[in-house]
Amino acid sequence: MSVTGIIAEYNPFHNGHLYQIHQIRRTDPAARIICVLSGSFTQRGTAAVLSKWQRASLAISGGADLVLELPFVFAVRSAQDFARGGVQLLDRLGLVDALSFGSEYTDLQQLQHIANQIDAPGLRNLLREKLQQGQSYAAALSHSIAAFSGIDEALLKKPNTILAIEYLRSLQHSHAQIRPCPLQRKTSAYHDTTIHASLASASAIRTELYQKEPDTNLLAQALPAESMQLLLLQQEQHLLPDEEYLLRPLLQTLFHTSLPELRTIYGINEGLEHRLLAAASQSSSLTGFLTQVKSKRYPQSRLQRLMLYLLLDLSKTAIAAFDKTGPLYARALAFNEAGRSLLHAGKHSAEIPIITKTAQFLTSSQRARGLHTLSPLQQMLAYDTMAADLYGLCFAQPQLPGQDFKVSPIFTKS
């Protein structure tokens with residue numbers, strides 16, 4: 001039995017994701033598929049359009065066998081950290097033979113060469129120089145790679161190509177015995193906001209979904225039936241998340257946190273705390289706040305992530321510790337019969353515990369005593385649960401907190 005891993009967000013699960021799973025099955029009909037999924041918030045720091053359990057369940061309906069949550073402290077980070085966390089988690093299961101990932105550029109030999117070059121002194125020096133000039137990490141990295149590889153910089157700026165390179169880099173650093181399997185990305189451009197055909201970008205689908213009256217014919221082209229049914233139901237019942245509801249808790253946090261405390265938050269550097277406070281004092285919307293703080297050095301995605309770090313009190317010290325340990329558990333969100341077998345196999349092969357009941361590792365009472373009282377595993381898990389509680393505030397009618405302690409993994413009969 002071979003096992004292929006996928007690291008994804010499924011925000012939402014669409015035909016492009018279905019295509020990837022079908023391609024894996026086409027190559028190896030007997031393959032088992034494990035997905036590592038972002039939790040309540042995406043890598044860019046936005047609230048996922050559906051809950052992590054809903055998205056995991058749709059992935060199982062689409063052909064995955066087991067869906068695990070990527071811990072928040074890796075999921076809502078830069079592409080480098082997102083990829084590293086996902087690869088380390090898959091590797092530590094002791095089950096995975098291959099990693100499938102979509103990319104606009106699929107020359108594996110060239111991609112692996114680039115991944116090797118990223119840590120070369122010359123490229124690192126150029127990257128550091130670009131960062132000091134105020135470029136974002138993604139822009140500085142793509143420019144530096146282009147200078148050393150000769151590959152068109154426009155191609156390197158594609159998010160999935162950058163992720164592909166970071167996956168390969170992480171596989172190399174982890175010495176993982178996992179075979180990389182790049183797949184030509186068939187969907188529209190990552191940031192395309194219009195549905196043109198059956199393989200549309202997640203951005204385009206979300207843009208249409210958030211219209212007052214979404215075009216169901218367009219959505220039907222791009223979504224599997226199960227995804228469309230659930231998404232339209234959420235839209236009709238006004239149950240799609242909106243980060244604007246986080247403005248008030250964010251302002252309260254900024255106004256009631258001292259400058260020294262703000263400087264301990266991960267992502268706050270170079271006097272950014274002053275810029276944040278200045279914007280907070282004159283912002284009546286989250287969009288307006290982000291627009292005021294945004295700059296070439298601090299693009300919106302970085303600020304959206306920073307907003308979550310502030311609300312969750314995620315410190316530089318905590319992130320440094322988590323980066324040293326890597327993922328300390330694999331938490332199941334959904335599985336089918338084949339996935340159940342993978343869970344059993346993983347209990348013997350995995351280097352880390354596989355969690356199916358959160359309360360066996362962390363209870364709400366333990367979390368309430370303070371993160372300083374918890375083990376490193378419990379601390380990492382606590383951020384997942386706090387992120388889920390924060391996600392519950394992104395609705396007109398706030399959702400009840402503590403869902404992570406109550407909701408069991410979704411089991412789907414084959």
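Buried means under 20% relative accessible area, exposed over 50%, and partly exposed in between, with a 1.4 Å probe and protein chains only. This is a predicted model, so local features need pLDDT of at least 70 and side-chain atom pairs pLDDT 80 or more, while totals for chains, interfaces and linings use all residues. Residues are numbered from 1 along each chain as its sequence is written, and side-chain values use heavy atoms, without hydrogens and water.

**Cysteines.** Select C181: it is partly exposed, at 26% relative accessible area. Now select C35, which is buried at 0%. The sulfur of C181 has its closest cysteine sulfur in C35, 14 Å away, too far for a bond. A disulfide needs two cysteine sulfur atoms within 2.5 Å; the count here is zero.

**Helix α5.** Select residues 108-117. Helices are DSSP runs of H or I, at least four residues; strands are runs of E, at least two; both are numbered from the N terminus. L111, I114 and A115 are the buried residues of α5. They fall within an arc of 100° seen down the axis (directions from the axis to the C-beta atoms), so they line one face of the helix.

**Salt bridges.** The structure holds 15, each a side-chain nitrogen of Lys or Arg within 4 Å of a carboxyl oxygen of Asp or Glu. Select E69 and R331: their closest N and O atoms are 2.7 Å apart. E69 sits in strand β3 and R331 in strand β6, so the pair ties together parts 262 residues apart in sequence. E69 is buried at 3%, and R331 is buried at 4%.
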